[in-house]
Amino acid sequence: MSVQEYLDKHMLSRKIEDAVNAAVRAKTPDPVLFISSHMKKAVPSVITKVKARQILDSRGIPTVEVDLFTNKGMFRASVPSGDSTGMYEAVELRDGDKGTYLGNAVTKAVKNINEKISEALVGMDPTVQLQIDQAMIDLDKTEKKSELGANAILAVSIAACKAGAAEKEVPLYKHIADLSGKTNSILPVPAFTVIRGGKHSGNSMPIQDITILPTGASRFDEALQMGSETYHHLKAVIAEKYGTNGCNVGEDGGFTPNISSVREGLDIVKEAIGRTGYNDRIKIGMDVAATDFCIGTKYDLEFKSPNKSGQNFKSGEDMIQMYKELCSEYPIASIEDPFDKEDWEHSKRFCSLGLCQVVGDDLLMSNPKRMERAMHDSACNCLLLKINQIGTVTEAIEVVKLAKEAHWGVVVSHRCGETDDSFIADLAVALGAGQIKAGAPCRGERVAKYNQLLRIEEELGDQAVYAGEDWRPSC
């Protein structure tokens with residue numbers, strides 16, 4: 001084939017002419033670089049390869065990382081992991097060989113990406129997120145993504161989303177907003193973990209964590225400053241009262257002082273807020289994780305105490321009374337999982353009081369069917385969104401739409417096993433969630449999310465809107 005025949009076959013003469021004309025109009029000082037870039041943009045992006053590997057999450061446990069290649073670049077994503085998988089959520093695929101990473105290796109999930117998912121997606125346009133996610137769901141063929149693994153599918157889904165944003169030459173949050181049909185981006189109120197308790201800490205505080213929400217900030221960067229300052233004042237309070245050993249932190253950066261009751265934890269958090277001078281500008285949240293200490297129909301608030309008094313074995317009605325008292329004594333604005341995941345009746349009764357935001361985590365597991373029941377029963381008024389409980393970006397967008405149609409709040413959440421991937425920061429902004437829970441303003445894998453929100457706010461400039469006092473819809 002002659003050069004002219006080659007040019008004619010691929011219509012290169014016209015494309016080169018268009019690129020040269022564009023360079024002339026732009027009066028570019030480097031026409032070769034301009035023409036090269038122009039020609040590259042003229043070629044539609046397609047997925048050329050998907051390569052996965054096993055890496056470690058923030059707990060030192062294996063998880064999945066993916067490099068998705070297009071003809072315009074490489075896009076990387078890694079997935080978080082929870083402590084356990086509920087019966088209503090998508091299933092992580094782990095090897096189960098106790099001789100390797102205590103059974104937690106993910107080489108099967110990695111192999112599924114490299115041998116099955118890659119083959120199915122090569123040649124697809126990365127901007128068509130719905131088709132990409134559906135192709136993986138169809139390939140898996142199970143309700144909970146147990147064949148390929150939700151960890152495998154989600155890693156590829158996030159990587160494809162990043163590639164789609166790059167192809168459109170827009171920020172990731174803008175691309176996700178386009179996919180969801182939203183037009184306005186909102187910087188979320190961060191719920192910083194400051195005290196860690198529950199089954200994963202060494203103290204006797206029964207609830208999982210206490211958080212602070214800087215709803216009175218005017219911008220996200222101010223909210224981050226308020227959270228960080230309060231966190232460090234709390235460290236000083238703890239050192240004074242419990243010694244420096246009390247300043248050790250849990251998996252998500254919250255302090256784990258030797259406290260035994262919820263009130264004791266709330267008191268020191270309130271004191272730290274007072275020292276900052278922010279007072280009414282910071283609200284308090286609690287993640288009770290009541291399923292962890294529910295025995296039958298009772299709740300054992302001394303389940304971690306070596307010397308049980310027997311006085312803290314409470315009924316659902318007792319728990320409601322306790323929450324009422326706490327909400328009247330402290331600036332509590334949000335309570336997550338105040339009851340067992342199957343205790344619909346007491347969840348409904350407490351939510352009807354309207355004392356605070358009632359967040360469903362174990363109650364919902366980001367599952368649309370569970371959400372529909374909770375909406376019908378008015379058992380909560382806020383979704384805790386954990387994307388790995390669903391398994392694809394598309395499905396995460398859909399459950400947020402479902403929550404917002406019910407006028408619920410939405411908290412985009414991290415997991416106890418995190419990576420330095422900041423995807424959920426862009427997701428929270430794009431979907432206008434209003435709230436994000438990414439741990440303490442401490443530990444690299446946690447602040448990666450908060451630092452990305454700083455960058456997004458800077459990029460939005462005068463168009464940046466912080467959720468602030470409008471952090472959740474009226475319920």
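## Interface between domain 2 and domain 3

Domain 2 and domain 3 bury about 2400 Å² between them, with carbon and sulfur atoms giving 57% of that area. Ser-58, Pro-80 and Tyr-88 supply 26% of what domain 2 buries against domain 3, which is more than any other three residues. The structure described here is a predicted model.

In terms of contacts, 32 residues of domain 2 meet 27 residues of domain 3. The centres of domain 2 and domain 3, taken over C-alpha atoms, are separated by 27 Å.

## Domain layout

The division of the chain gives domain 1 as residues 3-42, domain 2 as residues 47-169 and domain 3 as residues 180-463. Lys-162 and Asp-421, discussed below, form a salt bridge.

## Polar and charged pairs

The salt-bridge rule finds 3 salt bridges across the interface of domain 2 and domain 3. In the salt bridge of Lys-162 with Asp-421, the closest N and O atoms lie 3.0 Å apart.

## The domain 2 side

Three elements, β3 (73-78), α5 (129-140) and α6 (150-168), each give two or more residues to the side of domain 2 that touches domain 3. Of the elements, α6 gives the most to this side, with 7 residues.

Sorted by class, the side of domain 2 that touches domain 3 holds 13 nonpolar, 10 charged and 9 polar residues.

Definitions and conventions. Residues are numbered from 1 along each chain as its sequence is written. This is a predicted model: local features need pLDDT of at least 70, side-chain atom pairs count only at pLDDT 80 or more; totals for chains, interfaces and linings use all residues. Side-chain values use heavy atoms; hydrogens and water are left out. Domain bounds come from an automatic or database domain assignment. Contact means heavy atoms within 4.5 Å. Buried area is the accessible area (1.4 Å probe) that two parts lose on being put together, summed over both. A salt bridge is a side-chain nitrogen of Lys or Arg within 4 Å of a carboxyl oxygen of Asp or Glu. Helices (H or I, at least four residues) and strands (E, at least two) are DSSP runs, numbered from the N terminus. Ala, Val, Leu, Ile, Met, Phe, Trp, Tyr, Cys and Pro count as nonpolar, Asp, Glu, Lys and Arg as charged, and the others, Gly among them, as polar.
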